[in-house]
Amino acid sequence: MSFTGDGEDHCQAVHLDGLHGGGPRDTRRWAARLVFAISLIGSALAPQLHSAPEGSQAREEPAVATPPVPREQRADSQPSVESIERVVIPIPGSALDLELVRVDLGLDRPLWMSRSEITWDMLDAFVYAFDLEDDEATEVDGITRPSKPYISMDRGFGKSGFPAISVNHRLATEFCQWLSARSGRTLRLPTLDEWRRACERSGIDAASLPDFAWCAENAGQKTHPVRSRQADRLGLHDLFGNAAEWVDAGDGAFRVVGGSFRDSAATMSCAMALERDPAWNASDPQIPKSIWWLADGGFVGFRVVVEEPSRQPSESLPSTTPPTEEPAAPTPRPVPATEPRP
């Protein structure tokens, strides 16, 4: 894990090595990549055919009145760049970094929370095993990988830099397990309590929410690149809107919080927490239905947290410095062709 003061995305262009000779395994590997490169073009041109089924509203926990946010805690009273501590975790098999910020939520131990939802670029590195060499790609690596999606799960909204959507909680938790094993840190989904504490400290109120979130009023019924709205006072982006987020509600239960591009600003609150609705995967033709993907849940994504590790008295966190220049836009890496699950 490395530390950085760059406040913007650390995505870099990823280029495939040149074609090389090899055995049947290499041939299969490159054939899959070529087919999926073609599918990426189809994804970009695909019309937005997927819409949420009628009557698929999930049950919502009873709303709790949210008191007005004091002026000194408003999101427009953001801390300076220098005061936000950041950490980055490299995404294996790519030139991408996952950036997290330190958030004090009034708990025993501070957390590092990802600045935005996990993007497709990051998730694809896990789903398509970019962290493995060609001759390892078909071997068992001890990591539970999801089945490949049989349709374009991004709905044609966009891939590079866009939040991963149509993700079931099983896929989100396995991504955390994979990156934990690869990084040596413990990543997981936020708990419902942690997410609500972050929400309450975000400084976002109903009046200012559209400035910080892609919601029904401004999103045009689609997701948008992460971190393309303002950061809240914790330094987080997209806590509300864009893609809704899975959280761990305890006792094996999971909830979806934060609302998405489909929801109006007036309906979003820190108390909002939806149970998984079977309608989110109703159109999946597979038997049994996928435990990894939500065929009709094209609004559900996730972010992650890392617990701050215990340190010896002599250890300290390096200081950060403010960003000095705008980084180049990320370049997506082609991924293998979608294929039905066996």
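Let's start in the loop between β7 and β8, where P288 lies. The peptide bond from I287 to P288 is cis, with omega near -5 degrees. Most peptide bonds are trans. Keep in mind that this is a predicted model.

W120 and W293 form a stacked aromatic pair. Their ring centres are 6.3 Å apart, with 20 degrees between the planes. Which parts of the chain does this pair tie together? W120 lies in helix α2, residues 120–127, and W293 sits in the loop between β7 (273–275) and β8 (300–301), so the pair links parts that are 173 residues apart in sequence.

Now the second pair, W246 and W280. This one is edge-to-face, 6.3 Å centre to centre, with 65 degrees between the planes. W246 lies in strand β5, residues 244–250, and W280 is in the loop between β7 and β8, so here the tie is between parts 34 residues apart in sequence. Both W246 and W280 are buried.

The total is ten aromatic pairs. There is also an aromatic cluster, formed by F126, F175, W178 and F302.

Two arginines also belong with the rings. The charged end of R229 sits over the ring of W214, 4.5 Å from its centre. R262 has its charged end over the ring of F299, 3.8 Å from the centre.

Next, the cores. The largest nonpolar core has 50 residues. Which of them touch the most other members? They are L98, L123, F175, W246, W293 and F302. You have met some of these names already. W293 is in the stacked pair with W120. W246 is in the edge-to-face pair with W280. F175 and F302 are in the aromatic cluster.

Which elements give two or more residues to the largest core? They are β1 (86–90), β2 (97–103), α2, α3 (169–183), β5 and β6 (253–257).

Let's take α3 by itself. The helix has 15 residues. From first C-alpha to last, α3 reaches 21 Å, close to the 21 Å expected at 1.5 Å a residue. Its buried residues are L171, A172, E174, F175, C176, W178, L179 and S180. What do they pack against? The partners are β1, β2, α2 and β4 (187–188). After α3 comes G184, with a positive phi near 80 degrees.

Most residues other than glycine have a negative phi. A129 has a positive phi of about 55 degrees, although it is not a glycine. A129 is in the loop between α2 and α3. At 9% relative accessibility, A129 counts as buried. D238 is another non-glycine with positive phi, about 60 degrees. D238 lies in the loop between α5 (209–212) and β5. D238 counts as buried as well, at 1% relative accessibility.

Now step back to the whole chain. How many helices and strands are there? The protein chain has five helices and nine strands. Along the sequence the pattern reads α-β-β-β-α-α-β-α-α-β-β-β-β-β. Of the 342 residues, 49% count as buried. Take the contacts between residues at least 6 apart in sequence: 75% of them join residues at least 24 apart.

Last, confidence. Mean pLDDT for the protein chain is 77, and 64% of its residues reach 70 or more. Where pLDDT is low, the predicted coordinates should not be read in detail.

Conventions: Residues numbered from 1 in each chain as written. Predicted model: local features only at pLDDT ≥ 70, side-chain atom pairs only at ≥ 80, totals over all residues. Heavy atoms only, no water. Phe/Tyr/Trp six-rings, centres within 6.5 Å; stacked < 30°, edge-to-face > 60°. Helix = DSSP H or I, 4+ residues; strand = E, 2+ residues; numbered from the N terminus. Buried < 20%, exposed > 50% of the residue type's maximum accessible area, 1.4 Å probe, protein only. Lys NZ or Arg CZ within 6 Å of the ring centre and 35° of its normal. Core = buried A, V, L, I, M, F, W, Y, C linked by side-chain atoms within 4.5 Å. Expected span 1.5 Å × (residues − 1). Contact = heavy atoms within 4.5 Å. pLDDT = per-residue confidence, 0-100.
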